[in-house]
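This briefing is for a reader new to the structure.

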Amino acid sequence: MTIAAKTLTGKTALVTGGSRGIGAATARSLAAAGADVAISYANSSEKAEAVVHDLKALGVRAAAFRADQADGAQSAALVNQVIEQFGRLDILVNNAGVAAYGGIEDASTDQSALDRQWAVNVSGVAATTRAAARVMSEGGRIISVSSTIGKRVPFVGLADYAAGKAALIAYTRGWARDLGAKKITVNAVSPGPIDTDMNPASGPYGDYVKSATALGRYGQPEEVAAAVVFFASPGASYVTGVTLDVDGGQSA
């Protein structure tokens, strides 16, 4: 995407889960707006380093740190690593997440996978945000990536995933109140169907999902990233506690 101005020059951002999909697109968009960018990853160091290479090519400082967001201690340590290397943290993008499914009556559901999902998608986000809030100065930005499934559940077996994403929306409102006195804004984006390797437009339900949107298509990661960059920008200084749907009209 093209950013008209370097509105984030001098800022440092951390994008969790920044090695692919929406996270990688967000990292690139923040760098294009002038921010130095740190990303975290859980598994693929090669993908993470490829993103860092792209970020540095945009003329900013960049680094990748390995951290399992299911571990609250690692989440807090991640923030400390960013401070040690970059000297500050102005923007936190809580993007890292996993998906696990299973109906409430399904005896074959992998409960350990559901437990890990909650640890990554909710508890880990809270741990990272708490650590970041302690070191952010006035004017900081916290943006979480939720999902429209946090407000509307279109298929069976999504209850646990939906509950986690709904928790992020509630946290966004609560944290906005908690951090308002420090002039730190807290917002969220709720993507609908976005064409990533986790949810490809070519998947078995692709045609149905497209038909459920007003625009008749999947979104691109860069379109979600654009909303994140807005929330991180000076132009969003009076916007907090908000969740913005980026779903092609799926929720219309």
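Which residues are buried in α1? They are I22, G23, A24, A25, T26, A27, S29, L30, A31 and A32. The model is predicted.

**Helix α1**
- Because 10 of its 12 residues are buried, α1 is largely enclosed by the rest of the structure.
- The cover over the buried residues of α1 includes the strands β1 (12-15), β2 (36-41), β4 and β6, along with the helices α2 and α7.
- From first C-alpha to last, the 12 residues of α1 reach 17 Å, close to the 16 Å expected at 1.5 Å a residue.

**α1 against α2**
- Two packed helices are described by the angle between their axes and the distance between the axes.
- For α1 (residues 21-32) and α2 (residues 45-57), the angle is about 15 degrees and the axes are 9 Å apart.
- An angle under 35 degrees counts as roughly parallel, so α1 is roughly parallel to α2.
- The two helices α1 and α2 cross in a right-handed sense.
- On the α1 side the contact is made by A24, A27, R28 and A31, and on the α2 side by V51, D54 and L55.
- Sorted by class, the contact of α1 with α2 holds five nonpolar and two charged residues, with no polar ones.

**α1 against α7**
- The axes of α1 and α7 cross at roughly 50 degrees and come within 8 Å.
- That angle makes α1 oblique to α7.
- The crossing of α1 and α7 is right-handed.
- In this contact, G21, I22, A25, T26, S29 and L30 of α1 meet P221, E222, V224, A225, V228, V229 and A232 of α7.
- Nine residues of the contact of α1 with α7 are nonpolar, three are polar and one is charged.

**Helix α7**
- The 12 residues of α7 (residues 221-232) should span 16 Å at 1.5 Å a residue, and the 17 Å between its end C-alpha atoms agrees with this.
- Buried in α7 are P221, V224, A225, A227, V228, V229, F231 and A232.
- Among the elements covering these buried residues are α1 and the strands β4 (91-94), β5 (141-145), β6 (185-191) and β7 (243-246).

**α4 against α5**
- The axes of α4 and α5 (residues 159-179) come within 9 Å, crossing at roughly 15 degrees.
- This makes α4 roughly parallel to α5.
- The crossing of α4 and α5 is right-handed.
- From α4, the contact residues are L114, Q117, W118, N121, V122, V125, A126, T129, R130 and A133.
- From α5, they are D160, Y161, A163, G164, K165, A167, L168, Y171, W175 and L179.
- The contact of α4 with α5 divides by class into 13 nonpolar, four polar and three charged residues.

**The loop residue M136**
- M136 sits in the loop between α4 (111-135) and β5.
- Its relative accessibility is 3%, so M136 counts as buried, the cut-off being under 20%.
- Leaving out residues up to four places away in sequence, M136 touches L89, D90, I91, L92, R141, I142, K182 and I184.
- Between M136 and F231 there are 95 residues of separation in sequence and 16 Å in space, C-alpha to C-alpha.

Technical notes: Residues numbered from 1 in each chain as written. Predicted model: local features only at pLDDT ≥ 70, side-chain atom pairs only at ≥ 80, totals over all residues. Heavy atoms only, no water. Axes fitted to C-alpha atoms, helices over the stretch in contact; angles between N-to-C directions. Helix = DSSP H or I, 4+ residues; strand = E, 2+ residues; numbered from the N terminus. Parallel < 35°, antiparallel > 145°, perpendicular 65-115°, else oblique. Left-handed = near helix turned anticlockwise from the far one by under 90°. Contact = heavy atoms within 4.5 Å. Nonpolar A, V, L, I, M, F, W, Y, C, P; charged D, E, K, R; others polar. Expected span 1.5 Å × (residues − 1). Buried < 20%, exposed > 50% of the residue type's maximum accessible area, 1.4 Å probe, protein only.
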